[in-house]
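Let us walk through this structure together, one feature at a time. Please keep the sequence and the 3D view side by side as you read.

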Amino acid sequence: MSVVNDYGLVISEEGYDAENCAPENTIFDTRYDTPKALIDETLNTVRRFNFLFTTTPPVGTTRIKTITHNFGYTPLIFSYLDRYVSSSPLYGFTVGRFYVAVTGIYWLGQITVKATSTEIQIDFVRQPLPSGQGLSDINMVGKNFTINVYIFSNDSKP
Amino acid sequence: MAEQSNVYGVIASMLGVDAFDAADQDLILSSAFPMLKIESITEVTLSTVYGNSYDLVTHNLGYPPFFLVFERVGGALIHEFFTSLFETTSEKITMFDYVFNSGNPTTKTYVVLICRNPLNKAISTPVFSTQSREAALRDRNYGLITSKPGKSTDSTDMRDFTFHSNARNLLIHAVDYREIVTDPATSGRSMTWVNDLPYRPIFFGYCSIDGGNKYRFLYGGGQAAPNYNQLDNGDVKITDFDDGSGTKHYGSIWVFKDPFTLSASEQVTI
């Protein structure tokens, strides 16, 4: 452990001198920002939502969940499609856009997780069925999946 | 300092949790568990055409770093991955436009997060304890905080701190970096990080299909290989192709201490 010449706290990896090692060889280095996950009033860092569709939303954008943070700036977020219970295709496992019923190059439904300066918005976006492609329209009834959202205190603006 | 085997260094637990027997995932800091170190957050607006590659950010770190790409849409932020392929070398982050738009340009704004954490460096950390204890609500009068240059430690704006014990800092549990080898069960290659935690941890995955020059952020399972997903037991598996060229492929699976199931799900019926 060492305090560097400028300021702060550095903990180096075993075998490295904290006084002069590269940042890649530090465990902890206060010269660098780190993703700081928001902890809510129930001491959770992750917000988990289990969505169950009993109807197929109309063509266009349907807001299916809103999380208010009121930071006044747009934070970094991570979002995961944690689990789904359905035999129908639901791709895009670990990040912010999850595609539903992808056939060839067409996607007919999409779930987006978006951060604004006041909210986290989870939307279902449904595309119109393209004609002449022999495709069947999406049916979300019975689709059941869980999305995890991590909200960080870090500003997404450089 | 906690009596966790013969570990030396610093351990700080959440308020209300004894550092001597805190679960690893209830620590806010440990000498045993590295953290992500943000090198830069860069915003780039590009007009791109389907089927072409473009430079996003030049970092010149000398190694392929941990990175994530988001899309800025009307001021908001979406964690991006599908509509383009994002890769890093030891010098820069690039994107390959997969947005089919009949030859017309697509203009997007990307936000690129780069960390001083190499993708091609394996990390293995111990598991001391996974028995989570009940913690008290955070009190900012306790803990460890470091402010950014020119910012006061009395600030109530979390952006003014590089480290703050009132926030959960992602602690790296493992980076599984190695060659992705032939899978005898398939006609391709695969690599599996075997979960040694009693819960499913959060993760990210990257791979190189050109011998370790470029590393791409992986698509989720179900997409064309290489892709990755997490199994029910928490293992993280990369499924890769084998074109018979002999070119080595490498996987870099990042696993954090944080469980997927830390909190109960809120049920939402649509």
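Helices (H or I, at least four residues) and strands (E, at least two) are DSSP runs here, numbered from the N terminus. Before going further, please note that this is a predicted model, in which local features need pLDDT of at least 70, side-chain atom pairs count only at pLDDT 80 or more, and totals for chains, interfaces and linings use all residues. Residues are numbered from 1 along each chain as its sequence is written, chains are lettered from A and ligands numbered from 1 in the order in which they are written, and side-chain values use heavy atoms, with hydrogens and water left out.

Is B:Ser31 buried or exposed? With a relative accessible area of 12%, B:Ser31 is buried; that word stands for under 20% relative accessible area, while exposed means over 50% and partly exposed lies in between (1.4 Å probe, protein chains only). A polar atom of the B:Ser31 side chain lies 2.5 Å from the backbone nitrogen of B:Val10.

Now turn to the aromatic rings. Over all chains, the structure holds 24 aromatic pairs, where rings of Phe, Tyr and Trp (its six-membered ring) pair if their centres lie within 6.5 Å, and planes under 30 degrees apart count as stacked, over 60 as edge-to-face and the rest as tilted. One of them is the edge-to-face pair of B:Phe203 and B:Tyr228, with 5.4 Å centre to centre and 85° between the planes. This pair links distant parts of the chain, as B:Phe203 belongs to strand E16 (residues 201-208) of chain B and B:Tyr228 to strand E19 (residues 227-230), 25 residues apart. Both B:Phe203 and B:Tyr228 are buried.

B:Phe204 and B:Phe256 also form an edge-to-face pair, at 6.2 Å centre to centre and 85° between the planes. Here strand E16 of chain B, which holds B:Phe204, is linked to strand E21 (residues 249-259), which holds B:Phe256, 52 residues apart. Both of these phenylalanines, B:Phe204 and B:Phe256, are buried.

B:Cys115 is in no disulfide, and the nearest cysteine sulfur, that of A:Cys21, is 17 Å away. At 0% relative accessibility, B:Cys115 counts as buried. B:Cys207 is in no disulfide either, with the nearest cysteine sulfur, that of B:Cys115, 19 Å away. B:Cys207 has a relative accessible area of 1% and is therefore buried.

Chain B has 0 helices and 22 strands, and 57% of its 270 residues count as buried. Taking contact to mean heavy atoms within 4.5 Å, residues 24 or more positions apart account for 69% of the chain B contacts with a separation of 6 or more. Chain A has 0 helices and 10 strands, and buried residues make up 59% of its 158 residues. Within chain A, 59% of the contacts between residues at least 6 apart in sequence join residues at least 24 apart.

Terms used. Polar contact = N/O pair within 3.5 Å; in protein donor to acceptor, adjacent residues only side chain to side chain. Disulfide = S-S within 2.5 Å.
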